[in-house]
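Please read the following walk through the model with the sequence and the coordinates side by side.

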Amino acid sequence: MIVIATELISVNAVVNGRRVVASVEARMSLSDFLRHRLGLTGTHVGCEQGVCGSCNVLVDGVAVRSCLLFATQVDGRIVTTVEGLEDIPGLERAREAFIAEEAFQCGFCTPGFLVALAEVEFRPAEAGVTDLRSFLSGTLCRCTGYQTILKAVRRLG
Amino acid sequence: MKPARFRYVRPASLDEAVDLLAEHGPDAAVLAGGQSLVPLMNQRLRCPAALIDLNFVTELNGRDDGEASLVIGALVRQRELESDGALGRAEPLLAEASRFVGNRQVRNRGTLVGSLAFADPAAEYPAVLVALGATATARSVRGEREISCANVATGAFSCSLAADELITSVRVPKAGARRGSAYTEVAERRGARALAGAAAVVELESDGSVSSCRVVLVGVSDVPLQVGGLDRLRGQPIPTDEEIRELLTAWSNEIPVRPDRRADPRYKRALAAEMSIRALRRAAGRARRLAG
């Protein structure tokens, strides 16, 4: 069956374990939906071009740019934002590693890095990631604090 | 910035999708991974009247890793092609090139077929598909046709598909026992647009002589640029490094290069030669090892 929307379209998804049913404009990005409609402002919006990675979220466990998805595209899916990472094993270790290495200055990019790491349950090496720099290259730190972020992520194993 | 308003259309089958494309034609944009399209929409560089979202068309999710060829559907994500992805072992050249494509989150969503149809001159996959001799299947209400991937791009960001057509899959012929391949690239940063890259595929005869050899450049011309003059290698032993260098340096002096504010034409030609040389040498070496 063809779904056509000129004005509003429904979205029915699970966000951070909570069922969400809403009516949105088709052009509303997932990042705007999360921030403006659900109040989940931990998902940051840097560039809206898919470059910076601050808006990374998990959709069905896969890390994607929420600024490049329309909210309606997560209909029937499970979305996890940085606020919902508590349920993913390893978050506490990642937090400790980031704090120990001072892997943030302004913190704007931190949700993006944490969500990227959440995709591999905060254990990139175990998940088969052989090149950490390449893995982390999808998220930009505007303070350019990459060395400390890399050090923190190396601690995770 | 936010995209302009559009009519969102979500077909549930391929037949519905091509019907919609026939109806909306040139005013429509087709959405698969959206990793190139949506940034353009967000910047309002593209304002399609209708957006046809293919993501719920399960027929396009197909993949078939057969004996003769590898078929990859329009919704198969680039991430699957990486060496540790679901299709990572199916075609080593796709896996090797994937390391240079965007970043993991983009590859989680972006598709191989979308990259082919988008025809970005700096994109890795279109050149890799040309080097592999792959074909694309295009579908419209008028029927289905096969296009050589070498004939998909007609210029920078333009392709030979009609307004009512979409690519449903690509078919990559399987490597023979003595085929080696390699991809190499130079960019300013990891995942940034290629200044120049090269995909090479070398096939050997049982006696170790070259049976076929193809090198295709990324980011040099408006379309994937096949290195010329390699036919003369056929039937010959694998050329030495010096011979490769001589052949490709001479060729690169003649090629048209695309204007690039990051690299003047002289530098671009030098990069084109160097990338070709490296890719060809590595591919030939791998073919030789496989031939044992």
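The largest nonpolar core has 140 residues, and those with the most contacts inside it are B:Leu116, B:Val128, B:Ala199, B:Ala200 and B:Leu217. A nonpolar core is here a set of buried Ala, Val, Leu, Ile, Met, Phe, Trp, Tyr and Cys residues joined through C-beta atoms within 7 Å, where a residue is buried if 20 or more other C-beta atoms lie within 10 Å of its own, exposed if 12 or fewer, and partly exposed in between, with the C-beta atoms placed from the backbone. The largest share of this core, 10 residues, is supplied by helix H8 (residues 265-291) of chain B; helices (H or I, at least four residues) and strands (E, at least two) are DSSP runs, numbered from the N terminus. Leaving aside residues up to four places away in sequence, B:Val128 touches B:Leu93, B:Leu94, B:Ala97, B:Tyr183 and B:Ala199, a contact being two residues whose C-beta atoms, placed from the backbone, lie within 7 Å.

The model is a predicted one, in which local features need pLDDT of at least 70 and side-chain atom pairs count only at pLDDT 80 or more, whereas totals for chains, interfaces and linings use all residues. Residues are numbered from 1 along each chain as its sequence is written, while chains are lettered from A and ligands numbered from 1 in the order in which they are written.

Chain B is assigned domain 1 (7-56), domain 2 (58-173) and domain 3 (179-291), with bounds that come from an automatic or database domain assignment. Between domain 1 of chain B and domain 2 of chain B, whose C-alpha centres lie 18 Å apart, the contact takes 17 residues from domain 1 and 21 residues from domain 2. On the domain 1 side, the largest share, six residues, comes from helix H1 (residues 14-24) of chain B. By class, this side of domain 1 has nine nonpolar, seven polar and one charged residues, with Ala, Val, Leu, Ile, Met, Phe, Trp, Tyr, Cys and Pro counted as nonpolar, Asp, Glu, Lys and Arg as charged, and the others, Gly among them, as polar.

The contact between the two chains takes 30 residues from chain B and 28 residues from chain A. Strand E1 (7-10), helix H2 (37-42) and helix H4 (104-107) of chain B each supply at least two residues of the chain B side, and the largest share, four residues, comes from E1(B). That side has 10 nonpolar, nine polar and 11 charged residues. E1(B) also pairs in the antiparallel sense with strand E1 (residues 3-5) of chain A over three bridges, pairing requiring that DSSP finds at least two bridges between two strands, and A:Ile4 stands opposite B:Val9.

In the segment before E1 of chain B lies B:Lys2, which is partly exposed because 14 other C-beta atoms lie within 10 Å. B:Lys2 touches A:Arg27 and B:Asn42, not counting residues up to four places away in sequence.

Within chain A, eight bridges join strand E2 (residues 8-15) to strand E3 (residues 18-25), which run antiparallel, and A:Ser10 has A:Ser23 as its bridge partner in E3(A). E2(A) and E3(A) form a hairpin with two residues between them, and A:Asn16 in the turn has a positive phi of about 50°. In helix H1 (residues 30-37) of chain A, A:Leu30, A:Ser31, A:Asp32, A:Phe33 and A:Leu34 are buried, and the buried residues of H1(A) pack against E3 and strand E4 (56-59) of chain A.
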